[in-house]
Amino acid sequence: MSCMSVLTRDEAQTRARLLDVHRYTIELDLTTGEDTFDSRTVIAFTARADADTFVELKPAELRSVTLDGRPLDPGHLVENRLPLPGLTAGEHELRVDASMRYSRTGEGMHRFTDPTDGETYLYTQLFMEDVQRVFAAFDQPDLKSVFDLTVTAPEGWTVLANGITEHLGEGRWQAAATPLISTYLVAVAAGPWHSVRTEHRGLPFGIHCRRSLAPHLDADAEEILDITRQCYDRYHEKFEEPYPFDSYDQAFVPEFNAGAMENPGLVTFRDEFIYRSAVTDTERQTRGMVIAHEMAHMWFGDLVTLQWWDDIWLNESFAEYMGYQTLTEATRFTDTWTDFGVVRKAWGYDADQRPSTHPVAPENVDDTASALLNFDGISYAKGASALRQLVAWLGEKDFLAGINTHFARHKFGNATLADFIDSLASGTERDVHAWADAWLRTTGVDTLSPTVTRADDGTYTLTVDRAGSRPHRIAVGLYDQDPGDTGRLTLRERLDLDVPQSEPQPLGKRPALLLLNDGDLTYAKVRFDADSFEAVRTSLSGLPDPLTRAVVWNALRDAVRDGELPASAYLDAARAHLPHETDLALVQGVLAFASAQVTDRYLTPEARPVALATLTALCRDLIRRTEDGSNPGLRLIAVRHFIDVAAHPDTIAAWLTEGTVPGGPELDPELRWRVLARLAVLGATDEPAIAAELERDPSATGQEGAARCRAALPDPEAKRTAWEAMFTGDDLSNYLFTATAQGFWQPEQADLVREYVPRFYPDAVALATRRGPAIADAAGRWAFPAHAVDPETLHLGEECLRDADLIPSLRRKLADQLDDLERALRVRGAQSDKGARTSPSGV
């Protein structure tokens, strides 16, 4: 990786005071070979005073630079900065001619050749500071400009961009000039795309994917376009400002690092959202939420853009909240907040309890490298939770009034947190500034605990104790046992309560279950009083509402992570109650935590076999329950997890041989690779079987499946080969690196891979330095020895953090992993103190 200077906030502020950027005229030639492309840029700008400044780019070769017709020395490029000395006040024109490198890591201009048919696809991901990998730019969000783009591509390709594109002949494509947008939002996607096009309310809509996925896109095209239309219409009901761009394309692209990217007029998605294999309705809902999330960005992020990266939450928290809320209001997916509570909120809670936590709106984002670290569960899930709490406190009418004021004041410009709060305050009498200080400038998760007190007259009152500092508006659910069904709880009343309280809350008679934050409208951990916990233990699945059950499962999850509830008790609750669960997001979320965290990390290796047996029995129950075909989504989840926790190969090997689970489903490519990966872990398959499966499925997903299986084989040579592919060679793309890392570490193979635990730290440091932030993130996330829950792993990691020269993205990932490791050790210690025991029987 070539060196790069990160942009500081002070430098950005200085340059923003100096420059007004009018137009970029960009010509890209994508026909010059497999390694590089040509990039010619003309930047028209005005300097407000005599001064020196710089422009950013990261070329393979800088051929020429002229400023106002005067040549500049390309040799003056230092790292990614080309000085522009001696600017005079007035108008200027900068011309840059360069050769740029294609990326295989999802940064800049990513190049991918589809192994299914040999076709090549290119797309840009220019977020934060990767525009410099594609063309020269004054690369900061508050120097918005018009972008005028021409692309030369191979014959037979289609070129997509932010604006409507026109084929001029001979492979040349012209994109309509953009309105004022930030540099990081420019987008190009080029290749022999398969496209489905339509119009809605006079606006061109298109969805695009590589040709090998065409049948799968066509099968879902109407669902994708329906959701797009429904969200578009709903946003126009909410927002007074109309959609601000000339078209709306959605391109599903290969090897994409994020879920999606909100490029104006050309949203890019990871193409796993084009489903080759069976998926659950919850997974379809997730795709719908991402569509809604990215469309919200067209207003919040693209029309009005943050001024500096300390306000990234203004983009992500708003889109996260609006995506879930709008999908709920506008489409058939009406239970999205349950999925948010199970999946996204846990992401936020976990991130907010690590040493790397930060406020939703941090004040100390000094440079772009620091800003990149804040794309986490806090900026997304906690921020969205804060906005949901704000709407509960403010009312949706006043909230939307403030949002529309914000768009009107700052459209096609930039805004700060202060601007946003001022806009919200303009439509309400409430003290929004105080709310923002309490919610957006603080860190950590509050904990709410109930105290139920019996009065002399036999009635009860509630006092909520708060460990933390934020005000909360919550609902308190009072549930009674159904007299006709001892396993069922019925809602007696849902009380609205402000915390801290002014006085105890009367309850009347004591409920069987008192649930704080029923409806999940605030962001806080909740605890149970003793009687309520007993009701949860016996009757959790008898709660009538899935969102209520989500709050309870999250409370149990938090108690396990905090060492207050034995991990075995969580497994027992899952064993007792999941067989009766109807919500797919809850089943998936509980099984995921029970296997990946409880079984693989929080329980000792000695307790793991019994835990696997518990989960196997649970999944078998769910499979039996769905034999009548009544719930294929639930059956699919159960089959997936049965495969993942199989301790013996016989059953799943028979499924693979027969090509089906008895009674269904048939094994599609995803399930076949999943079975083969588990057989590899168990030593029940070999390289010829993997090669045969890859011949059967030579797709990009098949290549990843084969890499995952090969790395999982319990063979010293297989481990050595996988390790060298990850850490010695630099040929693996971002996706193949991740797949190899996912296969490498297995709890069943702890002795076999023990020698690699100390090697991870120096090898990861060197890799990150060579290959940059995207691979560093993948190494820290997937290649970390998370199974090695012992003090030695922790000690080695702490030494690395203290002594090694780490790039920021790897430092953040390692700090988070080590904190999770330390937590796992604490949980194990707490269980040992309590004499916790795992049992396959129900609670």
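Which strands does helix α2 lie across? Helix α2, residues 214-238, lies across β15, β16 and β17, and runs at about 25° to β15. Bear in mind that this is a predicted model.

**The five-stranded sheet**

- Five strands make up an open sheet with mixed pairing, in the order β15-β16-β17-β19-β18.
- At the edges you'll find β15 (194-200) and β18 (260-261), each pairing on one side only.
- As background, the strands of a sheet pair through backbone hydrogen bonds, and they can do so in parallel or antiparallel fashion.
- Here, strands β16 (residues 203-209) and β17 (residues 248-253) run parallel, joined by four bridges.
- If you want a spot to look at, take glycine 206, whose bridge partner in β17 is aspartate 249.

**Aromatic pairs**

- The structure has 50 aromatic pairs in total.
- One of them is phenylalanine 205 with tyrosine 248: the ring centres are 5.9 Å apart and the planes sit at 55°, so this pair counts as tilted.
- That pair ties together distant parts of the chain, since phenylalanine 205 belongs to strand β16 and tyrosine 248 to strand β17, 43 residues apart.
- Phenylalanine 205 has a relative accessible area of 3%, so it is buried.
- Tyrosine 248 is buried as well, because its relative accessible area is 1%.
- Another tilted pair is tyrosine 349 with tyrosine 523, at 4.8 Å centre to centre and with 40° between the planes.
- This one also links distant parts of the chain: tyrosine 349 is in helix α5 (residues 336-352), while tyrosine 523 is in the loop between β27 (513-516) and β28 (525-526), 174 residues away.

**Charges over rings**

- Arginine 81 has its charged end over the ring of phenylalanine 54, 4.3 Å from the ring centre.
- Lysine 719 does likewise with phenylalanine 744, its charged end sitting over the ring at 5.0 Å from the centre.

**Nonpolar cores**

- The largest nonpolar core counts 153 residues, and the ones with the most contacts inside it are Leu28, Phe135, Phe138, Trp309, Phe399 and Leu440.
- Helix α4 (residues 312-330) is the top contributor to this core, giving nine residues.

**Two buried loop residues**

- Threonine 280 is in the loop between β19 (266-270) and α3 (281-297).
- With a relative accessibility of 3%, threonine 280 counts as buried.
- Setting aside residues up to four places away in sequence, threonine 280 touches Leu584, Gly633, Leu636, Ile637 and Arg640.
- Serine 145 is in the loop between β9 (120-125) and β10 (146-152).
- Its relative accessible area is 0%, so serine 145 is buried.
- Leaving out neighbours within four places in sequence, serine 145 is in contact with Val21, His22, Arg23, Tyr24, Thr178, Pro179, Leu180 and Ile181.
- For a sense of scale, serine 145 and threonine 728 are 583 residues apart in sequence and 42 Å apart in space, C-alpha to C-alpha.

- Most residues other than glycine have a negative phi, and most peptide bonds are trans, so exceptions are worth a look.
- The peptide bond from valine 499 to proline 500 is cis, with omega near 5°.
- Proline 500 is in the loop between β25 (485-499) and β26 (505-508).
- Glycine 664 and proline 665 are also joined by a cis peptide bond, with omega about 5°.
- You'll find proline 665 in the loop between α17 (650-658) and α18 (669-681).
- Methionine 128 has a positive phi, near 65°, and lies in the loop between β9 and β10.
- Methionine 128 counts as buried, at 3% relative accessibility.
- Phenylalanine 412 has a positive phi too, near 60°, and lies in the loop between α8 (396-410) and β21 (413-415).
- At 26% relative accessibility, though, phenylalanine 412 counts as partly exposed.

Note on methods. Residues are numbered from 1 along each chain as its sequence is written. This is a predicted model: local features need pLDDT of at least 70, side-chain atom pairs count only at pLDDT 80 or more; totals for chains, interfaces and linings use all residues. Side-chain values use heavy atoms; hydrogens and water are left out. Buried means under 20% relative accessible area, exposed over 50%, partly exposed in between (1.4 Å probe, protein chains only). Contact means heavy atoms within 4.5 Å. Two strands pair if DSSP finds at least two bridges between them. Axes are lines fitted to C-alpha atoms, for helices over the stretch in contact, and angles run from 0 to 180 degrees between N-to-C directions. Rings of Phe, Tyr and Trp (its six-membered ring) pair if their centres lie within 6.5 Å; planes under 30 degrees apart count as stacked, over 60 as edge-to-face and the rest as tilted. A charge sits over a ring if NZ of Lys or CZ of Arg is within 6 Å of the ring centre and within 35 degrees of the ring normal. A nonpolar core is a set of buried Ala, Val, Leu, Ile, Met, Phe, Trp, Tyr and Cys residues joined through side-chain atoms within 4.5 Å.
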